[in-house]
Amino acid sequence: MKCLVVTVAGISGRFNDGYPEKYLKCIYYEKRPEHTLLYRILDQNREYGRIVIVGGYEYSKLRRYVQDYFADLADRIVLLENTHYRDYGTAYSLKLGLEVCLRQEHVEEIFFTEGDLYVGEEDYRRIKGVHQDCFTFNHEPIVSKKAVVAYRTETGWHYAFDPDHYGITMPGNILEIYNSAQMWKFCDVGRLKKVFEEMSEEEWKGTNLALIQKYFGKKETISVEINQWMNCNTREDYQTCEWGREG
């Protein structure tokens with residue numbers, strides 16, 4: 001079985017900043033209800049045998065949206081509520097999603113994507129064509145207020161991110177550096193289970209990069225280039241996506 005994990009629990013703080021009406025950004029739209037980030041992710045990945053969506057903020061609206069627009073996938077979708085979406089970091093949502101996947105029989109692949117991304121159709125096809133561990137990168141400038149950095153040193157792969165969006169610190173001897181496209185594929189389920197079990201309670205309260213770092217840090221992997229990509233941190237980011245070309 002192949003599993004998809006989408007995490008959308010965050011409070012959408014920057015997305016709602018300055019606007020009187022607040023929204024869960026993964027189901028926000030301006031023209032058509034199909035023009036949401038979540039709709040695009042699910043619609044482009046319908047072939048997955050298990051689709052796990054982890055919500056938190058505005059959870060009831062998320063549940064209603066999934067029921068209304070993805071009834072045809074109801075037998076494959078598992079919708080989970082992260083009740084710690086305000087006081088824990090992103091790792092806990094990933095934990096909840098992976099728990100479901102790791103309980104499935106004969107899991108051969110887990111594709112994890114953060115839920116505030118707009119990704120091109122061709123890019124999704126490229127990711128789905130890779131059947132081994134991989135991380136993704138994009139060509140956006142690396143700025144501390146929004147980038148997740150993937151970089152390689154002599155000791156392996158590392159990730160860096162500043163939750164306060166102030167500055168990113170990395171060591172001096174960097175061999176490669178990328179702006180992460182924030183999607184990863186796990187294909188060594190035995191290794192993933194081991195890394196999952198080694199995570200501490202405190203690490204599960206932090207960012208999802210803790211598990212990703214442990215899994216990919218010293219493991220052979222490949223990178224997948226993402227050409228059409230937008231991390232929709234703000235309402236303005238959303239408005240730059242190519243919704244108009246989709247009808």
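Reader: Hi! Which ring does the charged end of Arg235 sit over?

Author: That of Tyr19, with the charged end 3.8 Å from the ring centre. A charge sits over a ring if NZ of Lys or CZ of Arg is within 6 Å of the ring centre and within 35 degrees of the ring normal. This is a predicted model, where local features need pLDDT of at least 70, side-chain atom pairs count only at pLDDT 80 or more, and totals for chains, interfaces and linings use all residues. Side-chain values use heavy atoms, without hydrogens and water, and residues are numbered from 1 along each chain as its sequence is written.

Reader: Thanks! And what sits over the ring of Tyr215?

Author: The charged end of Arg191, 5.5 Å from the ring centre.

Reader: Switching to aromatics, how many pairs are there in the whole structure?

Author: A search finds 18 aromatic pairs. Rings of Phe, Tyr and Trp (its six-membered ring) pair if their centres lie within 6.5 Å; planes under 30 degrees apart count as stacked, over 60 as edge-to-face and the rest as tilted. Tyr39 and Phe70 form a tilted pair, 4.9 Å centre to centre with 45 degrees between the planes.

Reader: Nice. Are those two buried or exposed?

Author: Both Tyr39 and Phe70 are buried, meaning under 20% relative accessible area, with exposed over 50% and partly exposed in between (1.4 Å probe, protein chains only).

Reader: Why is the pair of Tyr159 and Trp184 edge-to-face?

Author: Because the planes of the rings are at 70 degrees, with the centres 5.9 Å apart. Tyr159 and Trp184 are both buried too.
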